[in-house]
Amino acid sequence: MKANSFGNLIWSCAIRSWGPVVAFIGLAIAVLAFFFAPETDTIELRWFIVITSIGFMLLVIFARAAWEANENQIVRLPKVIYVKEPPKAFPEAFALFLVEPTPLFSYDAIVSIYYLDDGVERLVGVGKVINVQNDLKVQVLVLDDYDFGGKSESIKQNSKDELKKLVVKSSVPGFLVEAIINV
């Protein structure tokens, strides 16, 4: 099971919702009701209690899972899908990145681009969101090539191995902001 799968969320909520305790108590009530409840002609009370106990236990688990899923929404950084030459309207730009849909970026936001090199994210460029498409993919214009180095050509040729190593973040290092302000 994947760490962020729905099944894993339900299982962890069952454990944290006192699942074993609730299950034991519910099972005990159900067994006692099954054997000691009087039989009736219209509705068998013992089956009603068994089904109600199990239903209540499941309701508690699913309610907690829904609450945790809402509270712990994790927004991951988007991956670069495709790289193109910059539009003619931006002749000084380095490249145009097409990035996965994300709520982190909005139109005209400044972003930073990092390259994952041996487990270390290295700042390689700064970009600007120029469009959020109808399909919610984001176009990021890479304004400067700070340190793509020898990787720039393979990135522009959409090498899958190189695109996997690109990290686009919605924050910009402070020294760059200061440099922009002081200009």
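**Reading a hairpin, a core and a surface**

Modeller: Start at the hairpin of strand 3 and strand 4: two residues lie between the strands, and aspartate 118 there takes a positive phi near 55 degrees. This is a predicted model, in which local features need pLDDT of at least 70 and side-chain atom pairs count only at pLDDT 80 or more, while totals for chains, interfaces and linings use all residues. Residues are numbered from 1 along each chain as its sequence is written, and side-chain values use heavy atoms, with hydrogens and water left out.

Biologist: Where do aspartate 118 and asparagine 158 lie?

Modeller: Aspartate 118 is in the loop between strand 3 and strand 4, and asparagine 158 is in the loop between helix 4 and helix 5. Helices (H or I, at least four residues) and strands (E, at least two) are DSSP runs, numbered from the N terminus.

Biologist: Is aspartate 118 buried or exposed?

Modeller: Aspartate 118 counts as exposed because its relative accessibility is 76%. Buried means under 20% relative accessible area, exposed over 50% and partly exposed in between (1.4 Å probe, protein chains only). In the other loop, glutamine 157 is exposed too, as its relative accessibility is 62%.

Biologist: How many bridges pair strand 3 with strand 4?

Modeller: Eight, in the antiparallel sense, between residues 110–117 and residues 120–132. Two strands pair if DSSP finds at least two bridges between them. Isoleucine 113 has glycine 125 of strand 4 as its bridge partner. Strand 3 also runs antiparallel to strand 6 (residues 166–169), with four bridges joining them. On that side, serine 112 stands opposite lysine 169.

Biologist: What do side chains do along a regular strand?

Modeller: They alternate between the two faces of the sheet. Nonpolar ones tend to be buried together in soluble globular proteins. In this model the largest nonpolar core has 21 residues, of which Phe97, Ile113, Phe148, Leu166 and Val168 touch the most other members. Strands 1 (80–84), 2 (95–99), 3, 4, 5 (138–145) and 6 each give two or more residues to this core. Such a core is a set of buried Ala, Val, Leu, Ile, Met, Phe, Trp, Tyr and Cys residues joined through side-chain atoms within 4.5 Å.

Biologist: Which residues are in contact with valine 168, leaving aside its neighbours within four places in sequence?

Modeller: Among them are Leu77, Val80, Phe97, Phe105, Val111, Ser112 and Ile113. Contact means heavy atoms within 4.5 Å.

Biologist: Where is phenylalanine 35 found?

Modeller: Phenylalanine 35 is in helix 2 (residues 19–36), and counts as exposed because its relative accessible area is 59%.

Biologist: How do the elements run along the whole chain?

Modeller: From the N terminus the order is α-α-α-β-β-β-β-β-α-α-β-α, with six helices and six strands. Buried residues are 33% of the 183 in the chain. Of the contacts with a separation of 6 or more, 56% join residues 24 or more positions apart.
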